[in-house]
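Let's take a walk through a protein model together. Have the sequence and the 3D view ready, and we'll stop at a few spots along the way.

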Amino acid sequence: MKTLSLTTALAAVLAASTATSVLAEPVFNRVASFAVADNLPAGADKKTTTSAEIIAATEDGNMLVYSDSPNKAIGLIDITDPRAPKAGGAVSFDGEPTSVAIAAGKALVAVNTRESFVKPSGILAQVNLVSKTVDTTCDLGGQPDSIALNKDKTIAAIAIENERDEEVNDGDIPQMPAGDLVLLSLKDGVVDCGSIKHVTLTGLADVAGDDPEPEFVSFNSLDEVALTLQENNTIVIIDGKTGTVKSHLSAGTVNLEGIDTRKDGALTFTGELKDVPREPDAVKWLDDNRLVVANEGDWKGGARGFTIFDKTGKVVYENGASLEREIAKIGHYPDKRNKKGIEPEGLEAAKFGDDNLFFVLAERASVVGVYKDTGAEPQLLQLLPSGISPEGAVAIPGRNLLATANEADLGEDGGARSHVMIYERAEGTPAYPQIVSTEKDGELIGFGALSGLAPIKDKPGMLFAVNDSFYASQPTIFTIDATQKPAKIVDALRITRNGAAAQKLDSEGVTPDGEGGYWLANEGDADKLVGHGIVHVNEKGEIEKEIAIPAELRAYDKRFGFEGITSVGEGDDKVLWMAVQREWGDDEKGFVKLVSYKPSSEEWGAVRYPLEKTESGWVGLSEITAYGDHAYIIERDNLIGQAAKLKKIYRVALADLKPAKLGGELPVVRKEEVRDLLPELKSLGGYVVDKVEGFTVDAAGNGYVVIDNDGVDDSSGETLFFSIGTMNAM
């Protein structure tokens, strides 16, 4: 009986385990990133600007091919192991590739060879991906944009945009010559240049009908082509076999509510826009009757979402501002792009298992929205972090993979490079986002540029955070509930001066004053008339006192000032300690100051902190927080991606923090390495970000780290927020 009982129990456990496994929902998580610069030829300047724009995959799913317009090339990436992508080389052209598709293991590349906007020209090049040679070219008679193949890869459709010159007449259209659509045949993957057919598109659109601006093409299984005329705000349905225009429909307008409409250094999602032209960019068929368009609104629009139409032009579903608001909740809203918002641009659609999915790429938010097509209102499943400015995507359902091509390359300015990012769909939980916001009093709490953390007394997992001067019109102290996953921003206390949003603040650190208020570290910048100092704020967010740095410090101002603040001691013995980010004029190279201020006596002092050395970039401090017998300090370089070498937490014994008077010889403290943060920064499969800016230890002794995402300005917008566990064991 005992044996039978044990067997039965074991069977029950296994059944439950199997049931759980079956019911577990698969999710996408990023598993790798590939820097496009790694495909530059040997001997090339590694700082050469690169870009990954439109991307495709070979039929076996083992190789990605992307267009690189600045380098007049396509790049190849071996993803046999998707977690370890390898450079596959490049193929160059006498023109700029605009799009790429794959047929029978060969790449079909649309190449822009124009002399000028008024003399557009282009070719279709067929490339052998094994030998990396061009087999043949076809004259397209104009400047191409998107290319697509039908299901059995016997027909290619190419949008001939003949794009407008934005410097002429403020970019208004019409601007001749008009664009059209090219159709041509393939046999066994080989293009037949003699079969080229031009489909005239003039006279169809209500907006500048004599100057169609074709943008993106997509086939359904009936060999019908959906073609967007972006600036004309029109969608055209064409018979791909005959070239006959079957129908054309206006993309229409949309009303938007609950959006941020002002580029003012504040995130306020209470505005609205009426009758905004959708101006669709990418288009994908969801089935043979419905298609989805990404409403980039690149010209006069700003529609911010996506729309599902049927072939008659009926709106089946309008996303409006829904995706944008969800993106704002994860800190990716681009305040500097308020006229156009997140700018949905790219689309991909594919069936993964039993799920019909489509992917919406928000160019300015650097986010991919993963949706499940339900036949009615689509279900938002995930928001995936991408590189800067995702332009194209390719799904590889047979390998449960998705890849995005991200066009922005900021390497010249020391920023992130262009990347291709790879995601895998598997059972598990989403690794991103790691922090999200909620609503307060019915309004969405927007956030970004989190620059400092502090604990809430006696409340494990509860933290304060501040934003920096990117949101100059909305300085805020946030409350974070880190007991939830992802962590949630549950409150926002606006910092005010004389009843209005406090100006000229650059809060880089926060610490509670023990009486319901807060001390803030203000990093000054003379060029912006922002003073260095510390600020006292009461429990209502009102500034009660602003304390400028003394003359002994001010005389050697080097802009990179206080980057963190913490409190040591109680009552009259309380001392505030601030970390200065970089060397000032009176500092020996390789040393920065930890500055002290005693509120009871208004005394200033300092010690010297020795910096690590690196071969390139600069090294500085980004945070200081006291816990137990130590002050913990973030020390980092300003480098990003593969160049990043130093992102660490060190600590200094509080007993060694014995400040000397400013203006004299300062003692040097000893430091001890606590944690290398590079493994955590690499754990989400992206490139290493530079601004590790916030760290604190909560009431239970657990350490938390946050990344400053620069307000999504020349940044992917990713806010990493994670715990490094108990500090008591370190």
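Let's start with a cysteine. At 28% relative accessibility, Cys193 counts as partly exposed; that label covers anything between buried (under 20% relative accessible area) and exposed (over 50%), worked out with a 1.4 Å probe on protein chains only. Before going on, a word about the model: it is predicted, so local features need pLDDT of at least 70 and side-chain atom pairs count only at pLDDT 80 or more, while totals for chains, interfaces and linings use all residues. Residues are numbered from 1 along each chain as its sequence is written, and side-chain values use heavy atoms, leaving out hydrogens and water.

So which residue does Cys193 form a disulfide with? Its partner is Cys138, and their sulfur atoms sit 1.9 Å apart. To be called a disulfide, a pair of cysteine sulfur atoms must lie within 2.5 Å. The structure holds 1 disulfide, and this link between Cys138 and Cys193 is left-handed, with -70° about the S-S bond. Cys138 belongs to strand S9 (residues 133-139) and Cys193 to strand S13 (residues 190-199), so the bond ties together parts that are 55 residues apart in sequence. Strands here are DSSP runs of E with at least two residues, and helices are runs of H or I with at least four, numbered from the N terminus.

Now jump along the chain to a sheet. Four strands line up in the order S40-S41-S42-S43, making an open sheet with antiparallel pairing. Two strands pair if DSSP finds at least two bridges between them. S40 and S43 (543-548) are at the edges with a single partner strand each, so one side of each has no neighbour in the sheet.

Zoom in on S42 (residues 533-537) and S43, which pair in the antiparallel sense over 5 bridges. His536 has Lys545 in S43 as its bridge partner, and Val537 has Ile543. The hairpin of these strands, S42 and S43, has 5 residues between them, and there Gly541 takes a positive phi near 90°.

Last stop: Asp506, in the loop between strand S39 (500-501) and strand S40 (507-512). Is Asp506 buried or exposed? At 10% relative accessibility, Asp506 counts as buried. Its side chain reaches the backbone nitrogen of Ser469 at 3.0 Å.

Methods
Polar contact = N/O pair within 3.5 Å; in protein donor to acceptor, adjacent residues only side chain to side chain.
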